[in-house]
Amino acid sequence: PASLIFNPLREPTCEAWDATARFGLMAAVSICMLLSVPGYLTFGVDTNSNILTNYPVDDPLVIACRCIYIVVMTLVYPMSFFVCRHIVNAVLWRGDSHQAIQVVSPARFYGLTAAIFVSTVGVTLVVRDLGVVMSLTGSLGAVNLAFVFPPACALKLAHGSWQRAFASPKSVLEAKIKLKQVVCPVLVMIFGVCAMVSSVYETVFVVE
């Protein structure tokens, strides 16, 4: 999935990818803080998960923000859709016979495309509260991508297997190395799992 961003770079190098990732994250955090902090300071504990619902529906500025949000979602949906289709194909047809989604049979290609498209459209037709969808997406998707999968991949790549990663250190130097390569990633994973569980619980079971 990251190749969708890496390949179109003017100079697809590790340095360019690092700069792009850092700039993108800083821009995203800055925009989120710019919108979330004033909103929370204005409404306090009454702030909704979709902050636009805190404002009057007929406010021209809010209407403009909704239009901008629609345009952004329209532009983001294709890339998210392509990634989802690629992952579903890789999970369902993995192994030696795996083929990239671009070269699979037309039946599989259009079947996966239709199934994913219908499921996403079905959610939009059934669920009326966008805040719930955004909250669950962030709880299940964003938290795993940010705090669970990266340290899990780091453990696997650094040691080759889970058994070697959690094996007892044989020297003080190895213990210090493992403190950085094992303990820190595990702590991040635990934090991510706790954040995911608590966020999903608040979204599903806590009644405002």
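This is a predicted model: local features need pLDDT of at least 70, side-chain atom pairs count only at pLDDT 80 or more; totals for chains, interfaces and linings use all residues.
Let me begin with arginine 108, which is buried, with a relative accessible area of 18%; buried here stands for under 20% relative accessible area, exposed for over 50%, and partly exposed for what lies in between, with a 1.4 Å probe and protein chains only. Residues are numbered from 1 along each chain as its sequence is written, and side-chain values use heavy atoms, with hydrogens and water left out.

Back to arginine 108, then, which belongs to helix α4, residues 106–126; helices are DSSP runs of H or I with at least four residues, strands are runs of E with at least two, and both are numbered from the N terminus. Arginine 108 lies over the face of tryptophan 93, at 4.2 Å from the ring centre, and the rule for a charge over a ring asks that NZ of Lys or CZ of Arg be within 6 Å of the ring centre and within 35 degrees of the ring normal. If we set aside neighbours within four places in sequence, arginine 108 is in contact with Asn89, Trp93 and Gln99, where contact means heavy atoms within 4.5 Å.

Now the chain as a whole. Its secondary structure comes to seven helices and zero strands, and of its 208 residues, 15% count as buried. Among the contacts with a separation of 6 or more, 49% are between residues 24 or more positions apart. The chain exposes about 15400 Å², of which carbon and sulfur atoms supply 73%, the areas coming from the Shrake-Rupley method with a 1.4 Å probe and, for residues, with only the protein chains shown as cover.

Next, helix α2, residues 14–43, which has 30 residues and reaches 43 Å from its first C-alpha to its last, close to the 44 Å expected at 1.5 Å a residue; that expected span is 1.5 Å times one less than the number of residues. Within helix α2, arginine 22 and aspartate 18 lie four residues apart, about one turn of the helix, and their side chains meet in a salt bridge at 2.9 Å, N to O. The structure holds one salt bridge, taken as a side-chain nitrogen of Lys or Arg within 4 Å of a carboxyl oxygen of Asp or Glu. Arginine 22 is exposed at 54% relative accessible area, whereas aspartate 18, at 36%, counts as partly exposed.

Just after α2, glycine 44 takes a positive phi of about 65 degrees. Serine 49 sits in the loop between α2 and α3 (60–92), and its C-alpha is separated by 9.5 Å from that of threonine 203, which is 154 residues away along the chain. Apart from neighbours within four places in sequence, serine 49 is in contact with Gly131 and Val132.

Finally, the aromatic rings. Rings of Phe, Tyr and Trp (its six-membered ring) pair if their centres lie within 6.5 Å, with planes under 30 degrees apart counted as stacked, over 60 as edge-to-face and the rest as tilted. By this rule the count comes to five aromatic pairs. One of them joins phenylalanine 81 and phenylalanine 82 edge-to-face, 6.5 Å centre to centre with 75 degrees between the planes; phenylalanine 81 is buried at 8% relative accessible area, while phenylalanine 82 is partly exposed at 41%. Another edge-to-face pair is phenylalanine 147 with phenylalanine 191, at 5.1 Å centre to centre and 80 degrees between the planes. Phenylalanine 147 lies in helix α5 (residues 130–159) and phenylalanine 191 in helix α7 (residues 172–204), so this pair ties together parts that are 44 residues apart in sequence. Ring pairs also link Tyr77, Phe81 and Phe82 into a cluster.
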